[in-house]
Amino acid sequence: SDLLGIPVDFYVSVDLEGFVALVDAIGGVDFEVPINMNYDDPIQGFHVHLNKGMQHLTGEEAMGVVRFRHNNDGSGYGTEDIGRIATQQAFLKAVAQQVLQPSNLTKVGTLAQIFQDYVDTDLTVGNLAWMGQQAFSIGTENIVFYTLEGEWSDPRSLYLVDPEAALTLVNQYFNPYVEDRTAEDLNMPT
């Protein structure tokens with residue numbers, strides 16, 4: 001809210017174990033892995049070894065894909081977190097396509113239990129039921145993601161959002177007010 005100068009009405013926070021459980025509950029997700037991924041972090045117990053191309057991912061494999069930034073040899077997206085964000089957005093769309101399949105309607109109880117166990121939100125049960133109904137009617141082709149434009153500071157320790165581009169994005173897609181937000185309404189680090 002403070003960063004973009006618009007209200008955030010609700011939040012949903014998903015535990016990583018819930019992400020894995022959801023993907024497994026819907027029988028995995030078909031996803032076009034964008035690059036070869038070969039990374040090991042024994043301290044975190046995090047390992048991902050997947051080839052570029054269409055894969056049917058389990059929950060653990062999906063977690064590897066959405067957490068991946070670079071390979072053991074340093075190669076990878078080239079844009080590190082920005083590349084990872086694009087992959088995360090594409091993966092979430094693939095999950096939505098899988099969840100909204102009629103075959104998953106029989107799994108509502110399992111999905112509700114995963115939600116109850118792993119999700120923290122201030123949405124009411126009524127809000128969630130309404131959103132679930134809407135999700136089935138809007139179609140995944142109408143799901144859109146946006147990433148705030150910006151550039152990395154030197155050294156690549158901080159991503160600085162372009163305030164002008166952010167303001168345009170806010171006013172075009174997210175502004176709930178009659179009047180456009182102004183640069184003074186945003187709180188962008190510079």
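R69, D81 and R84 are linked in a network of salt bridges, a salt bridge being a side-chain nitrogen of Lys or Arg within 4 Å of a carboxyl oxygen of Asp or Glu. The model is predicted: local features need pLDDT of at least 70, side-chain atom pairs count only at pLDDT 80 or more, and totals for chains, interfaces and linings use all residues. Residues are numbered from 1 along each chain as its sequence is written, and side-chain values use heavy atoms, with hydrogens and water left out.

The count comes to 3 salt bridges:

| Pair | Closest N and O atoms |
|---|---|
| D81 and R69 | 3.5 Å |
| R181 and D185 | 3.7 Å |

D81 lies in helix α3 and R69 in the loop between α2 and α3, so this pair ties together parts 12 residues apart in sequence. Helices are DSSP runs (H or I, at least four residues) and strands likewise (E, at least two), numbered from the N terminus. D81 and R84, 3 residues apart in helix α3, are separated by about one helical turn. R181 counts as buried at 19% relative accessibility, whereas D185 is partly exposed at 29% (buried is under 20% relative accessible area, exposed over 50%, partly exposed in between; 1.4 Å probe, protein chains only).

The largest nonpolar core has 26 residues, with F19 and F91 making the most contacts inside it. Such a core is a set of buried Ala, Val, Leu, Ile, Met, Phe, Trp, Tyr and Cys residues joined through side-chain atoms within 4.5 Å. Its largest share, 5 residues, comes from α1. A second, separate core of 5 residues includes V161, L167, L186 and M188.
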